[in-house]
Amino acid sequence: MYSRKASDSKVLTCAAVWRMPKELEPGSHESPDDSSSTAHTLELLCHLDNTAHGSMACVAWEPTGDGKKVISLADNHILLWDLQESSSQAVLASSASLEGKGQLKFTSGRWSPHHNCTQVATANDTAVRGWDTRSMSQIYCIENAHGQLVRDLDFNPNKQYYLASCGDDCKVKFWDTRNVTEPVKTLEEHSHWVWSVRYNHSHDQLVLTGSSDSRVILSNMVSISSEPFGHLVDDDDLSDQEERRPEEKSQEPPQDSVIATYEEHEDSVYAVDWSSADPWLFASLSYDGRLVINRVPRALKYHILL
Amino acid sequence: MAAAAAGPGPGSGPGDSPEGPEAEAPERRRKAHGMLKLYYGLSEGEAAGRPAGPDPLDPTDLNGAHFDPEVYLDKLRRECPLAQLMDSETDMVRQIRALDSDMQTLVYENYNKFISATDTIRKMKNDFRKMEDEMDRLATNMAVITDFSARISATLQDRHERITKLAGVHALLRKLQFLFELPSRLTKCVELGAYGQAVRYQGRARAVLQQYQHLPSFRAIQDDCQVITARLAQQLRQRFREGGSGAPEQAECVELLLALGEPAEELCEEFLAHARGRLEEELRSLEAELGPSPPAPDVLEFTDRGGSGFVGGLCQVAAAYQELFAAQGPAGAERLAAFARELGGRYFALVERRLAQEQGGGDNSLLVRALDRFHRRLRAPGALLAAAGLAEAATEIVERVARERLGHHLQGLRAAFLGCLTDVRQALAAPRLAGKEGPGLAELLANVASSILSHIKASLAAVHLFTAKEVSFSNKPYFRGEFCSQGVREGLIVGFIRSMCQTAQSFCDSPGEKGGATPPALLLLLSRLCLDYETATISYVLTLTDEQFLVQDQSPVTPVSTLCAEARETARRLLTHYVKVQGLVISQMLRKSVETRDWLSTLEPRNVRAVMKRVVEDTTAIDVQVGLLYEEGVRKAQSSDSSKRTFSVYSSSRQQGRYAPSYTPSAPMDTNLLSNIQKLFSERIDVFSPVEFNKVSVLTGIIKISLKTLLECVRLRTFGRFGLQQVQVDCHFLQLYLWRFVADEELVHLLLDEVVASAALRCPDPVPMEPSVVEVICERG
């Protein structure tokens with residue numbers, strides 16, 4: 001979805017909308033950054049024109065809906081694009097910009113799946129900010145979220161005020177956006193910058209982080225997940241649940257732990273993500289071009305499911 | 001006389017048997033015979049013939065009992081020559097004459113005595129006859145006298161009985177007179193104020209009056225007496241209530257009243273009420289001293305006054321009470337105990353208030369002395385009133401004060417530590433302004449360590465006063481056991497060391513954004529301080545404590561090893577934090593330099609960029625700083641001429657593999673493959689890894705962090721050809737200067753190679769500079 005274009009004496013990162021070949025995965029919106037694919041070629045739909053705003057740092061689709069809205073971050077601007085019919089043209093719907101002393105640049109952004117998709121979180125330097133896309137105004141700000149640069153953000157898919165962030169201070173922090181003075185939880189497992197953090201789409205106690213210490217760490221954050229007492233079976237009626245609850249509580253007290261550390265990569269890991277099809281599958285990508293796909297350990301999987 | 005004949009004749013006697021082989025045996029036999037003969041009175045001379053020495057049975061011995069003149073003469077005639085015979089004859093004659101004259105003198109001398117003795121005996125006979133007559137006369141006279149005496153006794157008999165009776169009547173009359181005079185006497189006594197006398201009179205008369213009260217006259221006396229007694233009691237009570245007089249007089253009053261038969265219960269109440277009034281006055285005066293007026297008397301004076309005034313008074317009251325109302329039994333004792341408990345409680349409250357004022361102050365010896373007095377004074381009433389539990393309460397107060405003192409000292413130590421830290425901060429800030437980079441770091445460390453140690457020692461000494469032998473409460477179980485082990489050792493020393501560690505750790509925990517507030521040198525210094533504590537000071541201080549306070553308590557105490565481990569952990573964390581902070585400083589520098597530059601449009605490199613020189617300078621400064629406090633540490637043995645090593649990665653054959661093919665579309669694959677192969681053989685670099693306590697490890701950590709940052713930043717940028725070459729030059733420069741600081745220079749090579757390789761990958765036109773040119777530029781810069 002991005003492409004980079006070098007002009008004479010200036011590097012400018014641009015963004016474009018591509019269509020994946022139908023036979024690959026119909027309905028998938030995102031396309032990888034690979035400029036070329038051996039088997040299929042991507043179909044270029046339109047460019048997001050950002051010449052006036054500077055380099056693109058991040059692009060994010062509206063998580064639900066008809067896929068007509070895209071947010072992009074360019075230098076200190078946050079741009080909301082409206083894709084016209086069949087995505088052949090992108091129109092800048094609204095924008096806002098960050099003002100302040102020094103050169104402010106966004107590094108990362110995420111679109112919240114909650115609140116009817118009206119919230120976006122962005123990171124610049126050490127701060128994390130929340131925006132309302134309807135008014136394009138700032139709704140919260142976590143100053144000094146990390147000691148150093150904030151690298152990535154992710155929203156908890158099941159708990160609407162929970163947000164994870166990671167950064168150059170080797171930490172992963174979990175925030176409640178209603179009370180931003182203190183992080184809810186902090187993880188310090190990595191020994192270098194953490195580049196990427198991702199919640200599992202369905203079991204939000206599973207958190208994946210990738211770092212330039214070439215490790216990928218899968219953590220089990222039970223205590224701050226939406227299922228602090230383990231998975232509750234949906235079709236159980238209320239009385240059953242109440243019966244089950246106490247005994248499950250005693251059986252498995254919420255305990256946060258690192259599930260596994262994956263050291264397959266030889267160089268810095270820059271991206272990690274969960275499969276959108278199989279909730280137990282995830283991939284990580286490192287500098288040396290290695291893509292590693294892993295599964296959640298079977299024991300844990302059954303532990304969560306049963 | 002017999003000397004001449006003494007010698008035995010040679011070979012005389014029939015027993016002159018030849019000296020044969022049996023010479024010894026017969027001699028022994030003869031000896032036995034001799035003894036037998038002696039027994040039967042036979043002369044041995046005849047039987048044995050060889051007597052030793054003069055024989056008493058010898059008939060020739062002139063002086064012997066058995067002298068025989070014939071034998072003697074025969075012997076002389078037979079043995080002696082004529083001349084000798086003549087001599088012995090004359091000698092004999094002379095001796096006979098001398099004997100004769102001697103005998104005559106004796107007879108003359110004794111004759112007169114015999115005559116006078118005879119006369120005396122005759123006279124005595126006469127006298128005895130006269131005496132016999134006189135004795136007879138005396139016997140008759142005595143008989144007459146006896147007769148007379150018997151007659152006189154008989155006549156005097158009845159008169160004697162009458163006299164005895166009269167004497168009895170006289171005594172009775174005197175008693176009656178006393179009774180009749182009693183009212184007036186009592187009145188007089190009462191008027192004169194001789195209450196004791198009056199009560200004694202009354203006591204003497206009471207029983208009699210009681211007995212004879214059916215007689216009207218006695219009745220009247222009794223009534224009078226009772227009136228007077230009532231008045232007396234009235235007056236006594238009056239005096240008692242006035243209470244102006246001291247406790248002994250009051251006690252006297254009460255005693256008299258008791259003797260008058262007043263109800264003891266009521267008196268007891270009144271007595272206690274009066275005592276309460278007095279003691280409350282004491283308490284009030286003490287309280288007044290407590291008042292807000294600032295120049296309150298010192299605590300010693302206060303407890304002294306409390307001791308002599310209140311406690312003394314209480315003692316007197318208790319002693320008097322027990323003496324007076326001993327008959328009251330357990331109920332009375334209980335009343336006294338309750339009384340003492342209540343007043344004692346109020347006194348203790350006052351003392352505690354006073355002691356609380358003292359808590360802030362510093363002088364422990366004064367406080368301990370005051371407590372000692374306080375405790376000592378309360379032991380007397382404590383013994384007197386065991387039930388009131390005053391001694392226990394006093395001990396409790398002392399314990400509480402001791403505990404508070406411990407807390408106070410702990411606070412003091414903490415404050416001292418924080419003060420030291422502030423001093424260090426100031427000292428660190430000052431010389432930096434003067435342009436001298438922390439030359440006194442080792443001195444500062446020594447200062448801090450010694451000042452903390454002296455503070456600890458001072459606190460120990462101050463607290464030690466509580467357990468001094470001469471202090472009265474030092475032998476209480478609390479002070480012997482719990483105070484020493486839990487209070488001093490655990491609470492004070494261990495608590496302080498722990499809090500020191502925590503304070504130090506809090507510098508690490510302060511989040512990165514505020515990390516700038518703590519100067520890195522302070523972190524370094526604290527780390528060294530904690531390490532020193534781990535190696536020596538903790539065990540020293542604890543040994544000192546254990547020695548000073550012979551800990552007898554069995555309760556578990558924190559072992560030295562635990563504390564040491566804590567201190568070591570603190571030191572490690574501080575050092576790690578130091579590495580992070582310094583690494584961050586340098587990496588921020590590098591990052592800004594990479595991010596703000598436009599790498600596409602740089603000119604061909606002529607110089608090493610200034611920021612790299614700055615990095616090397618800063619690293620050197622850090623090296624010096626760390627070197628002041630930490631030892632060198634070990635580094636991996638390397639070739640001696642490491643600085644001359646060129647960048648083998650892109651100067652040798654690998655250059656072809658890495659850069660040349662990158663023109664072609666398939667280049668990334670090859671590059672990746674090669675770099676992967678290279679990495680297979682290199683260790684993974686743990687960037688923020690824990691450090692060891694030596695200079696090399698610290699520097700390695702800092703350099704690792706910096707270079708990794710450089711690497712990551714380079715990967716985010718796009719480089720032109722000259723941009724790449726500039727990176728090449730910079731890396732070579734760093735390589736030249738940084739290798740000496742790290743434990744394993746291979747690490748620096750690896751990271752720098754990676755930086756250049758990454759830059760090359762991010763370059764659309766990767767044409768590396770000639771290594772020789774790079775070297776020339778670096779050497780010039």
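The model is a predicted one, in which local features need pLDDT of at least 70 and side-chain atom pairs count only at pLDDT 80 or more, whereas totals for chains, interfaces and linings use all residues. Residues are numbered from 1 along each chain as its sequence is written, chains are lettered from A and ligands numbered from 1 in the order in which they are written, and side-chain values use heavy atoms, with hydrogens and water left out.

In secondary structure, chain B has 25 helices and zero strands (DSSP runs, numbered from the N terminus: H or I of at least four residues for helices, E of at least two for strands). Of its 781 residues, 41% are buried (under 20% relative accessible area, with exposed meaning over 50% and partly exposed in between; 1.4 Å probe, protein chains only). Among the contacts in chain B between residues at least 6 apart in sequence, 81% join residues at least 24 apart (a contact means heavy atoms within 4.5 Å). B:Val299 belongs to helix 9 (residues 299-324) of chain B; with a relative accessible area of 0%, B:Val299 is buried.

B:Glu132 gathers with B:Asp133, B:Glu134 and B:Asp136 in a surface patch of negative charge. Patches are made of residues with over 30% relative accessible area and no salt bridge, like charges being joined within 9 Å and nonpolar side chains (Val, Leu, Ile, Met, Phe, Trp, Tyr) within 5 Å. For charge, Lys and Arg count as positive and Asp and Glu as negative, while His and the chain ends are not counted; the place of a charge is NZ of Lys, CZ of Arg, CG of Asp or CD of Glu. B:Glu132 has a relative accessible area of 58% and is therefore exposed. A nonpolar surface patch is formed by B:Met135, B:Leu138, B:Met142 and B:Ile145, which together have about 410 Å² of accessible area. B:Met142 also lies in helix 4 of chain B, and its relative accessibility of 46% makes B:Met142 partly exposed.

Charge pairs come next. Side chains of opposite charge can pair when their charged atoms come close. Over all chains, the whole structure holds 26 salt bridges (a side-chain nitrogen of Lys or Arg within 4 Å of a carboxyl oxygen of Asp or Glu). One salt bridge joins B:Glu534 to B:Arg568, with the closest N and O atoms 3.1 Å apart. B:Glu534 lies in helix 16 (residues 520-548) of chain B and B:Arg568 in helix 17 (residues 560-595) of chain B, so this pair ties together parts that are 34 residues apart in sequence. B:Glu534 counts as buried at 17% relative accessibility, whereas B:Arg568, at 38%, counts as partly exposed.

A salt bridge between B:Arg609 and B:Asp730 has an N to O distance of 2.7 Å. This pair links distant parts of the chain, 121 residues apart: B:Arg609 is in the loop between helix 17 and helix 18 (610-629) of chain B, and B:Asp730 is in helix 23 (residues 721-738) of chain B. Both B:Arg609 and B:Asp730 are buried.

Within helix 18 of chain B, B:Arg614 and B:Asp618 are four residues apart, about one turn of the helix, and their side chains form a salt bridge of 3.5 Å, N to O. B:Arg614 has a relative accessible area of 44% and is partly exposed, while B:Asp618, at 18% relative accessibility, counts as buried.

Finally, one network of salt bridges includes a residue of chain A: A:Asp267 is linked in it with B:Lys708, B:Glu712, B:Arg715 and B:Glu754.

Notes:
Accessible areas come from the Shrake-Rupley method with a 1.4 Å probe; for residues, only the protein chains shown count as cover.
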